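Here is a walk through one structure, loop by loop and helix by helix. Keep the 3D view open and follow along.

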Amino acid sequence: MKHRNHSKKYHVRNRTRSLLALLLILALALAGLSGCSGKGTYKKEQNTGEHAVTYPYVVRTPSAELYLAQEDIELLGEEEFYAGMNRLLENLEADFQDARDELKAYLRVEIPVIKIYTDFSGRTEHGRRPEFSGLYNDNTVDIHIFHDWDHAAVVLLHEYTHYLSIHCARVVPETDFWREALADYISKIRCKNRMAMDVNYGMTDEALDYYRERGAVTEDGKLDLKRFYYGTAAAYRMKENVGAPYLAVSQAATYLTEAQLTAPIMNEVSYYEAACIFEYLVDHYGEKTVFSNMNLNGKRMTEVYGKTFIEICEEWTAENLRKCEELGIILK
């Protein structure tokens, strides 16, 4: 998608780059719970286990254990901290269940409860970096959420999908493309993602108005994540946008080049493209085929699909443009 103008068309270069710069900032800011006040379903408990000095409280749900840092409570203030937590918890279980349902054919029978730690005050290196709003650590098998509860709401289902697909699945994606493509495909395209939608994906009112004009906002004023992803992915395949910044699935902040347009490298595509390409493969080759072959590199794609990643990307780009047109997403 390109930047807003009064004629509901997009200026080709400067405004487009401004929008994509905004998207990069959004991606950097986002890359990667009830009852503590006594008013919700879940109750705060004293943490009697490990790390109790840093995380004196824990909230337990059927799917998660949230460890709350005293420093984070003081940073936001008790009222704001628990209000944000309660709001997130209203949707956490339904969203986590959706992700498990989408992946149920590939998961182990029992899914262990996931531990989630707050780090809003930047105690850790990742917590101090603006490009991370959440992190699944496959070494310690836990999730860390950064900055505040709104940032957490945007990324938490993505990180939980990492947990399911890396720790609980029979076939584990090992490269950046497959890990991030799968996590965004499940959390942004397949699932409702109520947590993210409750905060409108962290967007300002001005940004939401822009996407409303572009046909990516529902009648009830919520961002339509599928349309948002389709339109933004299309923007990153346009020659007019060469030089625009974006966040790659390798988690590197980079710029769109002519080479990446003509001969895209898997680990250098954007999250939007990766999720939509994953959906394209599932639609055309079947879920079983895709989920059984998630560690192919670009050249080895021919072994399963008979085409290189570059050829698949070309076909997906054309189909995605047709899909955007059919959905009424305004691109130019």
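This is a predicted model: local features need pLDDT of at least 70, side-chain atom pairs count only at pLDDT 80 or more; totals for chains, interfaces and linings use all residues.

Start in the loop between helix H5 (176–190) and helix H6 (194–198), where Asn193 is found. Asn193 is not a glycine, yet it has a positive phi of about 55°. Most residues other than glycine have a negative phi. Is Asn193 buried or exposed? Its relative accessibility is 0%, so Asn193 counts as buried.

Move on to the loop between H6 and helix H7 (205–213), which holds Tyr201. Tyr201 also has a positive phi, about 55°, although it is not a glycine. The relative accessibility of Tyr201 is 6%, under the 20% limit for buried residues. Tyr201 therefore counts as buried.

Next comes the loop between H7 and H8, the location of Asp224. Asp224 has a relative accessible area of 22%, so it is partly exposed. Which residues does Asp224 touch, not counting those up to four places away in sequence? They are Ala216, Val217 and Thr218. Asp224 can also be placed against Met197, 27 residues apart from it along the chain. The C-alpha atoms of Asp224 and Met197 are separated by 8.4 Å.

Now step back along the chain to Cys168. This residue is found in the loop between helix H4 (149–167) and H5. With 0% relative accessibility, Cys168 counts as buried. What surrounds Cys168, leaving aside neighbours within four places in sequence? Its contacts are Tyr106, Leu107, Arg108, Ile111, Pro112 and Tyr163. Cys168 and Glu110 are 58 residues apart in sequence, but their C-alpha atoms are 8.4 Å apart in space.

Turn to the helix packing. Take helix H8 (residues 225–235) and helix H10 (residues 271–285). Their axes come within 8 Å and cross at roughly 110°. Angles from 65 to 115 degrees count as roughly perpendicular, and H8 and H10 are therefore roughly perpendicular to each other. The crossing of H8 and H10 is left-handed. Which residues of H8 and H10 meet? From H8 come Phe228, Tyr229, Tyr230, Thr232 and Ala233. From H10 come Tyr271, Tyr272, Glu273, Ala275, Cys276 and Glu279. By class, this contact of H8 with H10 has 8 nonpolar residues, 1 polar residue and 2 charged residues.

H10 has another partner, helix H13 (residues 309–327). The axes of H10 and H13 come within 10 Å and cross at roughly 95°. H10 and H13 are therefore roughly perpendicular to each other. On the H10 side, the contact is made by Glu273, Cys276, Ile277, Glu279, Tyr280, Leu281 and His284. On the H13 side, it is made by Phe309, Ile312, Cys313, Glu315, Trp316, Glu319 and Lys323. How does the contact of H10 with H13 divide by class? It has 8 nonpolar, 1 polar and 5 charged residues.

Follow Glu315 from that contact to the salt bridges. The side chains of Glu315 and Lys307 meet in a salt bridge, at 2.9 Å from N to O. Glu315 has a relative accessible area of 31%, so it is partly exposed. Lys307, at 23%, is partly exposed.

How many salt bridges does a search of the whole structure find? It finds 18. One of them links Arg300 and Glu303, with the closest N and O atoms 3.1 Å apart. Arg300, at 36% relative accessibility, counts as partly exposed. Glu303, at 55%, counts as exposed.

Finish with Glu213 and Arg214. They form a salt bridge whose closest N and O atoms are 3.6 Å apart. Here the two partners fall into separate classes. Glu213 has a relative accessible area of 31%, so it is partly exposed. Arg214 has 0% relative accessibility and therefore counts as buried.

Technical notes: Residues are numbered from 1 along each chain as its sequence is written. Side-chain values use heavy atoms; hydrogens and water are left out. Axes are lines fitted to C-alpha atoms, for helices over the stretch in contact, and angles run from 0 to 180 degrees between N-to-C directions. Helices (H or I, at least four residues) and strands (E, at least two) are DSSP runs, numbered from the N terminus. Angles under 35 degrees count as roughly parallel, over 145 as roughly antiparallel, 65 to 115 as roughly perpendicular and the rest as oblique. A crossing is left-handed if the near helix is turned anticlockwise from the far one by less than a right angle, and right-handed if clockwise. Contact means heavy atoms within 4.5 Å. Ala, Val, Leu, Ile, Met, Phe, Trp, Tyr, Cys and Pro count as nonpolar, Asp, Glu, Lys and Arg as charged, and the others, Gly among them, as polar. Buried means under 20% relative accessible area, exposed over 50%, partly exposed in between (1.4 Å probe, protein chains only). A salt bridge is a side-chain nitrogen of Lys or Arg within 4 Å of a carboxyl oxygen of Asp or Glu.
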